[in-house]
Amino acid sequence: MKKDEYKFSFDIYDSIEELTEEDAWLLNEAREVTENAYAPYSGFHVGAVAKLANGEIVAGSNQENASFPVGLCAERVLLASASSLYPNVPIESMAISYQADTGGSDHPISPCGICRQSLQEYEGRVKHPIRLILGGMEGKVYIIPKASSLLPLAFTSEELK
Ligand code: THU
């Protein structure tokens, strides 16, 4: 028997003020895009905005449904748009923010399990890491250099070869 270990590191900033101009702009856009969420059931509005390697900006927001499992997270709406509008163009950075009807948006949220799987597939497909910028409407910001580091031992396309 032997043990293995999985580690990843990420940066924690005290607030958006500490980010570069471009990262702060992306996070502010993600904050604004929360307004486009259709989230009448959860009251949890998520916005995602990405900068692509060709310079284009693509946004997504969560889109819920009366049949709850049909709902889509902001991240996967963004990935589907990016892939449809600009197929095979790498995503450099994706900012994700949120606001809840119940109030408080003072810490980062990170992508759900299904979105981690989708982000991982996208990275693999275009062979480029997706840098995540995670932050609420205020408070700390996390920058994660590579989305797939959030999904260790992932099931990938390699298994199907
Ligand atoms: N949601 C996202 O859009 N992204 C996440 O990273 C977490 C959750 C959405 C799904 C659902 O519409 C609502 O937030 C509450 O779970």
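In S5 of this predicted model, Leu 132 is the bridge partner of Met 94. Strands here are DSSP runs (E, at least two residues), and helices are DSSP runs (H or I, at least four residues), numbered from the N terminus. Strand S4 (residues 91–100) and strand S5 (residues 131–135) run parallel, joined by 4 bridges. Two strands count as paired if DSSP finds at least two bridges between them.

Other pairs run antiparallel. S5 and S6 are joined by 4 bridges and run antiparallel. Here Ile 133 has Ile 143 in S6 as its bridge partner. Their hairpin has 5 residues between the strands, and Gly 139 takes a positive phi near 90° there. S1 and S6 also run antiparallel, with 3 bridges. Ile 12 has Tyr 142 in S6 as its bridge partner. Strands of a sheet pair through backbone hydrogen bonds, either parallel or antiparallel.

Put together, 6 strands form an open sheet with mixed pairing, in the order S1-S6-S5-S4-S2-S3. Strand S1 (11–13) and strand S3 (57–61) are the edges, each pairing on one side only. From one strand to the next, the twist averages 15°.

Helix H1 (residues 21–33) packs on this sheet and touches S2, S3, S4, S5 and strand S6 (141–144). Contact means heavy atoms within 4.5 Å. The direction of H1 makes about 145° with that of S2. H2 lies across S2, S3 and S4, at about 140° to S3. Axes are lines fitted to C-alpha atoms, for helices over the stretch in contact, and angles run from 0 to 180 degrees between N-to-C directions.

Which residues surround the ligand? Among them are Ser 42, Phe 44, Cys 73, Ser 110 and Cys 112.

| Residue | Atom in the protein | Distance to a ligand oxygen |
|---|---|---|
| Asn 62 | side-chain N or O | 2.9 Å |
| Ala 74 | backbone N or O | 2.9 Å |
| Glu 75 | polar side-chain atom | 2.6 Å |

The protein covers 76% of the 370 Å² of accessible area that the ligand has on its own (Shrake-Rupley method, 1.4 Å probe).

Residues are numbered from 1 along each chain as its sequence is written. In this predicted model, local features need pLDDT of at least 70, side-chain atom pairs count only at pLDDT 80 or more, totals for chains, interfaces and linings use all residues, and side-chain values use heavy atoms, leaving out hydrogens and water.

Key: A residue is near a molecule or strand if one of its heavy atoms lies within 4 Å of it. A polar contact is a pair of N or O atoms within 3.5 Å; within protein, one must be able to donate a hydrogen and the other to accept it, and residues adjacent in sequence count only if both atoms are side-chain atoms.
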